[in-house]
Amino acid sequence: MVDVAQLVEPRVVVPAVVGSNPIVHPIFMRYGLSKAGMNAQTAASGDVRPVLRLVRGQATTEGAGVRLTRVIGGAQLPDLDPFLLFDEFRSDQPSDYLAGFPDHPHRGFETVTYMLAGRMRHADNKGNKGLLGPGSVQWMTAGSGLVHSEMPEQENGLMWGFQLWVNLPASDKMTAPKYQDIAPERIPEVQAGKGVRVRVLAGRFGEVEGPVRAVATEPLYLDVHLEPGARFEAALPPTHNAFAYAYQGVARIGADERELVRGDLAVLGRGDRVVASAGDAPGRLVLVAGRPLEEPVARYGPFVMNTREQIVQAVQDFSAGRF
Ligand code: FE
């Protein structure tokens with residue numbers, strides 16, 4: 001999801017990029033420059049992962065005027081290798097979402113849309129179409145590039161979900177675009193002890209494997225529902241970077257049982273498992289982890305490559321209609 005207002009006019013973009021620094025062009029200022037970004041591996045190792053820091057999202061407007069909250073990808077947390085962006089959209093005011101995200105490009109990474117409520121219609125310039133409904137996930141590998149639109153398929157009611165951007169390693173950035181559109185019934189739901197329900201979108205939780213396949217960063221994406229007093233525990237590859245985002249109620253997380261209220265993102269440090277629990281109130285959170293790429297990041301709005309030259313190439317290819 002990006003601001004398309006000026007991207008649809010290639011001549012606006014090209015002069016900006018042949019300048020000295022594409023990253024600071026105002027069209028893309030909101031995305032900022034990402035270098036190595038923050039890497040949770042600098043934390044001390046341990047068994048249960050600690051909370052390194054809490055981040056709260058910032059209200060922003062994207063697409064043709066959709067109001068959302070940016071939690072990763074803003075000034076406070078530019079990225080968390082391999083994650084480039086994490087947005088929550090949640091509103092029952094149609095004026096907050098009706099404008100949607102008309103045609104815009106992506107190259108060099110993956111976008112992951114997880115819907116909690118509402119419907120989003122997806123279409124791209126290669127003829128792919130899909131409808132994302134409540135509980136579904138779309139894992140889109142933009143790879144070498146596509147132009148797509150994400151538009152609400154409703155005129156009222158609650159629209160609620162997340163979009164995550166996952167970087168691709170240099171070797172996969174120019175791979176052919178690919179979709180994994182996963183209906184809610186294909187996402188396993190695990191009862192993990194008393195009062196704990198876990199939807200496994202990607203990766204492995206115990207013996208259960210999520211439906212997302214063959215992803216370069218070996219991601220884990222869990223949606224965890226905790227009843228009052230419930231305790232959740234999950235094994236995580238020790239070298240993965242990880243975060244938890246509380247989207248409803250209250251949850252405690254980490255070795256130090258930090259309290260997360262709705263809208264708090266916890267960056268987790270090293271360790272081989274994650275522990276979360278609920279107090280007197282229920283809590284819901286997403287737990288996301290991935291293998292850090294530790295590669296240079298050249299980022300220019302909807303294009304995320306390794307070098308400035310590749311960004312210039314991306315803009316030229318998009319402008320010439322080669323996506
Ligand atoms: Fe998009």
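This is a predicted model: local features need pLDDT of at least 70, side-chain atom pairs count only at pLDDT 80 or more; totals for chains, interfaces and linings use all residues.
## Gly73

Gly73 sits in the loop that joins strand 3 (66–72) to strand 4 (83–91). Gly73 has 26 other C-beta atoms within 10 Å. The cut-off for a buried residue is 20 or more, so Gly73 counts as buried.

Gly57 lies 16 residues from Gly73 along the chain. The C-alpha atoms of the two glycines are 9.5 Å apart.

## Helix 3

Helix 3 runs over residues 308–319, twelve in total. At 1.5 Å a residue, the helix should span 16 Å. The C-alpha atoms at its ends are 17 Å apart, which agrees.

Which residues of helix 3 are buried? They are Ile311, Ala314, Val315 and Phe318. Viewed down the axis of helix 3, these buried residues fall within an arc of 95°, so they line one face. The general rule is that an α-helix has 3.6 residues a turn, so residues three or four places apart point the same way.

Gly321 follows helix 3. The phi of Gly321 is positive, near 75°.

Four strands form an open sheet in the order 5-10-7-8. The pairing is antiparallel. Strand 5 (101–106) and strand 8 (129–132) are the edge strands. Each has a single partner strand, so one side of each has no neighbour in the sheet. From one strand to the next, the twist averages 20°.

Strand 7 (residues 120–124) pairs with strand 8 over four bridges, in the antiparallel sense. What stands opposite Gly130 of strand 8? His122 does.

Methods. Residues are numbered from 1 along each chain as its sequence is written. Helices (H or I, at least four residues) and strands (E, at least two) are DSSP runs, numbered from the N terminus. A residue is buried if 20 or more other C-beta atoms lie within 10 Å of its own, exposed if 12 or fewer, and partly exposed in between; C-beta atoms are placed from the backbone. The expected span of a helix is 1.5 Å times one less than its number of residues. The arc is that of the directions from the helix axis to the C-beta atoms. Two strands pair if DSSP finds at least two bridges between them. Axes are lines fitted to C-alpha atoms, for helices over the stretch in contact, and angles run from 0 to 180 degrees between N-to-C directions.
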